[in-house]
Amino acid sequence: MVNLGDKVKDSVTGFTGIAVGKTLWLHGCNRITIQPEGLQKDGKMYETASFDEPQLVVIKKAEIGRAHV
């Protein structure tokens, strides 16, 4: 199970970042929104992306600010 604040990696694309959002669907797979770490060359944040929870691998559990949903 992925918790908000965990560092995760999508096992299909390799997309890595911090879990910042969770969408629960009545008849579907739960989705996790990931915010990549760091900034682009122009100082802007990278775009988030959402993935099905079962294909995510937790790289590092959140140490502070953990939100259980």
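A: In this predicted model, Lys7 and Glu37 form a salt bridge, and their closest N and O atoms are 3.2 Å apart. Lys7 belongs to strand β1, while Glu37 sits in the loop between β3 (31-35) and β4. The two residues are 30 residues apart, and the pair links distant parts of the chain. Lys7 has a relative accessibility of 27%, so it counts as partly exposed. Glu37 is also partly exposed, because its relative accessible area is 46%, and a residue counts as exposed only over 50%.

Side chains of opposite charge can pair when their charged atoms come close.

A search of the whole structure finds four salt bridges. Another one of them joins the side chains of Lys22 and Glu53, at 3.7 Å from N to O. Here too the pair links distant parts of the chain: Lys22 is in strand β2, Glu53 is in the loop between β4 and β5, and they are 31 residues apart. Glu53 has a relative accessible area of 14%. The limit for buried is under 20%, so Glu53 is buried.

A further salt bridge is formed by Asp52 and Arg31, with the closest N and O atoms 2.9 Å apart. Asp52 lies in strand β4 and Arg31 lies in strand β3, so this pair ties together parts that are 21 residues apart in sequence. Asp52 is partly exposed, with a relative accessible area of 27%. Arg31 is partly exposed as well, at 29% relative accessibility.

The strands named so far belong to a sheet. Five strands form an open sheet, in the order β4-β3-β2-β1-β5, with antiparallel pairing. At its edges stand β4 (49-52) and β5 (56-60); each has a single partner strand, so one side of each is left without a neighbour in the sheet. Neighbouring strands of this sheet are turned against each other by 50° on average, direction ignored. Strands of a sheet pair through backbone hydrogen bonds, either parallel or antiparallel.

Strand β1, which holds Lys7, covers residues 7-10 and pairs with strand β2, residues 16-23, in the antiparallel sense over three bridges. Within this pairing, Lys9 has Thr16 in β2 as its bridge partner.

Nonpolar residues come next. The largest nonpolar core has seven residues in all: Val2, Val8, Ala19, Ile32, Ile34, Phe51 and Leu56.

Phe15 is partly exposed, at a relative accessible area of 25%, whereas Phe51 is buried, at 11%.

To return to the charged pairs, Lys7 with Glu37, Lys22 with Glu53 and Asp52 with Arg31 are among the four salt bridges.

Technical notes. Residues are numbered from 1 along each chain as its sequence is written. This is a predicted model: local features need pLDDT of at least 70, side-chain atom pairs count only at pLDDT 80 or more; totals for chains, interfaces and linings use all residues. Side-chain values use heavy atoms; hydrogens and water are left out. Two strands pair if DSSP finds at least two bridges between them. Helices (H or I, at least four residues) and strands (E, at least two) are DSSP runs, numbered from the N terminus. Axes are lines fitted to C-alpha atoms, for helices over the stretch in contact, and angles run from 0 to 180 degrees between N-to-C directions. A nonpolar core is a set of buried Ala, Val, Leu, Ile, Met, Phe, Trp, Tyr and Cys residues joined through side-chain atoms within 4.5 Å. Buried means under 20% relative accessible area, exposed over 50%, partly exposed in between (1.4 Å probe, protein chains only).
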